Amino acid sequence: PQFKPLTREGRFRKYRFVETKPTVISLAGLWMWKECEWNVLEKIETMKSNEVRTWLCDCPGIGMKSASWLLRNVGLNDDCAVFDVHIMRFLSKIGFNVPTQLTEKTYLKLEDNLRNVCVNIGTSLGNLDYLLWVLSRNGFLSHVG
């Protein structure tokens, strides 16, 4: 389905999960209210850094990828990876064992493997993950493998 408002180019917007998204958003808002009365940053400040992503994953509609993205991009955790299709494809090309379906267990294992690479090259997992995403998203890594 396509909807307004139009994009800058004058085309209709396309939305994913049109039928279920309103329910998930409502449930996420209710969860956030019950958990912290919408004071997410205040709640996060009371938690250990390794607990925050797990807590966020309890929110309806939020998984490891979304929680990692949020924490990395707002500067709260630079030690997590955002495994989207671009990163997964690249990791597979360079020899990582990439599962076809990411469970929390396989996500964490893959993240640990990539973290070991980061230790060897002297950067954070968040920085490497973001660099790989930018390069692969813009076609710079398409020749690899």
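User: What percentage of the 145 residues of the protein chain count as buried?

Analyst: This is a predicted model, and its C-alpha trace spans about 45 × 40 × 25 Å along the principal axes. A residue counts as buried when its relative accessible area is under 20%. Of the 145 residues of the protein chain, the share that counts as buried is 30%.

User: Which pattern of strands and helices does the protein chain follow along the sequence?

Analyst: The protein chain has seven helices and two strands. Among the contacts with a separation of 6 or more, 43% are made by residues 24 or more positions apart. Read along the sequence, the pattern is β-β-α-α-α-α-α-α-α.

User: How far apart are the end C-alpha atoms of helix H1, and what span should its 16 residues have?

Analyst: Helix H1 covers residues 21–36, and at 1.5 Å a residue its 16 residues should span 22 Å. The distance between its end C-alpha atoms agrees with that expectation, being 22 Å.

User: Which helices do the buried residues of H1 pack against?

Analyst: The buried residues of H1 are Ala28, Gly29, Trp31 and Cys36. Seen down the axis of H1, these buried residues fall within an arc of 160°, so they line one face of the helix. Ser26 and Lys34, on the other side of H1, are exposed. The partners against which the buried residues of H1 pack are helix H2 (40–45) and helix H3 (49–57).

User: Which residue does Arg53 form a salt bridge with?

Analyst: Side chains of opposite charge can pair when their charged atoms come close. For Arg53, which is buried with a relative accessible area of 13%, the closest N and O atoms of the pair are 2.7 Å apart. The partner of Arg53 in this salt bridge is Glu111. Because Arg53 lies in helix H3 and Glu111 in helix H6 (residues 104–121), the pair ties together parts whose separation in sequence is 58 residues.

User: Is Asp129 buried or exposed?

Analyst: The side chains of Asp129 and Arg72 meet in a salt bridge, at 2.4 Å from N to O. Since Arg72 lies in helix H4 and Asp129 in helix H7 (residues 125–137), the pair ties together parts that are 57 residues apart in sequence. Arg72 has a relative accessible area of 12% and is therefore buried. The relative accessibility of Asp129 is 1%, so Asp129 counts as buried.

User: Which residues are linked with Asp79 in a network of salt bridges?

Analyst: The side chains of Asp79 and Arg115 meet in a salt bridge with an N to O distance of 2.8 Å. This pair links distant parts of the chain, with Asp79 in the loop between H4 and H5 and Arg115 in helix H6, 36 residues apart. The residues linked with Asp79 in the network are Arg53, Glu111, Asp112 and Arg115.

User: Which residues make the nonpolar surface patch of about 470 Å²?

Analyst: Trp69, which belongs to helix H4 (residues 64–73), counts as partly exposed because its relative accessibility is 46%. The nonpolar surface patch is made by Leu41, Trp69, Leu70, Val74 and Leu76.

User: Which residues does His86 touch, not counting those up to four places away in sequence?

Analyst: His86 has its place in helix H5 (residues 85–93). With a relative accessible area of 18%, under the 20% cut-off, His86 is buried. Not counting residues up to four places away in sequence, His86 touches Trp133, Ser136 and Arg137.

Key: Residues are numbered from 1 along each chain as its sequence is written. This is a predicted model: local features need pLDDT of at least 70, side-chain atom pairs count only at pLDDT 80 or more; totals for chains, interfaces and linings use all residues. Side-chain values use heavy atoms; hydrogens and water are left out. Patches are made of residues with over 30% relative accessible area and no salt bridge: like charges are joined within 9 Å, nonpolar side chains (Val, Leu, Ile, Met, Phe, Trp, Tyr) within 5 Å. Accessible areas come from the Shrake-Rupley method with a 1.4 Å probe; for residues, only the protein chains shown count as cover. A salt bridge is a side-chain nitrogen of Lys or Arg within 4 Å of a carboxyl oxygen of Asp or Glu. Helices (H or I, at least four residues) and strands (E, at least two) are DSSP runs, numbered from the N terminus. Buried means under 20% relative accessible area, exposed over 50%, partly exposed in between (1.4 Å probe, protein chains only). The expected span of a helix is 1.5 Å times one less than its number of residues. The arc is that of the directions from the helix axis to the C-beta atoms. Contact means heavy atoms within 4.5 Å.
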